[in-house]
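Please read the report below alongside the sequence and the three-dimensional model.

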Amino acid sequence: MAFQATAQLKGSPRRYRVHPECKAFTLRDYGFLVTKKGNFEYNQLVKAAITDQKGVYLKMAVDQDVHKLQMTVTNQKGLVALDVYHGKGMEGIAAQLDFIFKDMEERHVLQEVTD
């Protein structure tokens with residue numbers, strides 16, 4: 001998957017882009033790790049409830065210039081992209097993802113694209 005100016009999760013009605021005020025230190029402060037190529041990577045296990053045994057991984061990457069991104073939600077092994085917005089029994093995980101994205105918007109990591 002290549003970096004793009006905007007990205008959205010499979011099945012999600014919302015598209016996001018990197019916030020214009022976002023800097024490299026903002027990404028590091030939020031928990032993004034720097035890869036060998038200089039890009040920023042974020043992997044977070046998301047569960048509907050803290051007591052759940054199973055969850056999904058939110059995987060995001062931002063290019064080293066902090067302009068383009070890519071994002072996906074995968075199973076715990078990281079091999080299969082999931083549609084949590086239309087998946088059966090995934091309402092709790094979709095709500096958690098929306099909470100994470102709202103927090104990223106408040107901290108100027110992401111910006112929702114409205115047409």
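This is a predicted model: local features need pLDDT of at least 70, side-chain atom pairs count only at pLDDT 80 or more; totals for chains, interfaces and linings use all residues.

Residues are numbered from 1 along each chain as its sequence is written, and side-chain values use heavy atoms, with hydrogens and water left out.

## The sheet and its helix

Helices (H or I, at least four residues) and strands (E, at least two) are DSSP runs, numbered from the N terminus, and two strands count as paired if DSSP finds at least two bridges between them. Four strands make up an open sheet in the order S2-S3-S4-S5, and their pairing is antiparallel. Strand S2 (33-34) and strand S5 (69-74) stand at the edges with a single partner strand each, so one side of each is left without a neighbour in the sheet. In general, strands of a sheet pair through backbone hydrogen bonds, either parallel or antiparallel. The table sets out the antiparallel pairs.

| Strand pair | Bridges | A residue and its partner |
|---|---|---|
| S3 and S4 | seven bridges | Gln44 with Leu58 in S4 |
| S4 and S5 | six bridges | Lys59 with Thr72 in S5 |

S2 and S3 form a hairpin with five residues between them, and Gly38 in the turn has a positive phi of about 95°. Helix H2 (residues 91-106) packs on the sheet and touches strand S3 (40-46), S4 and S5, where contact means heavy atoms within 4.5 Å. The direction of H2 makes about 30° with that of S4; axes are lines fitted to C-alpha atoms, for helices over the stretch in contact, and angles run from 0 to 180 degrees between N-to-C directions.

## Pocket and cavity

On a 1 Å grid over the protein atoms alone, a cavity is a set of points where a 1.4 Å probe fits but cannot get out, whereas a pocket is an open set with protein on both sides within 12 Å along at least five of seven lines; lining residues have an atom within 4 Å of a point. Grid points are joined across faces, edges and corners, and a volume is the space filled by probe spheres set on the points.

The largest pocket has a volume of about 210 Å³ and is lined by 13 residues, of which Phe3, Glu41, Met60, Ala61 and Gln70 lie nearest its centre. S3, S4 and S5 each supply at least two residues of this lining.

The count comes to one cavity of 30 Å³ or more, and the largest cavity has a volume of about 30 Å³. Among the residues that line the largest cavity are Leu9, Arg14, Met71, Asp98 and Phe101.

Ala24 lies in helix H1 (residues 24-30), and with a relative accessible area of 25% Ala24 is partly exposed, a class between buried (under 20%) and exposed (over 50%), found with a 1.4 Å probe and protein chains only. Leaving aside neighbours within four places in sequence, Ala24 is in contact with Phe40 and Val66.

Ala48, placed in the loop between S3 and S4, is partly exposed with a relative accessible area of 33%. Leaving aside neighbours within four places in sequence, Ala48 is in contact with Gly92, Ile93 and Gln96.
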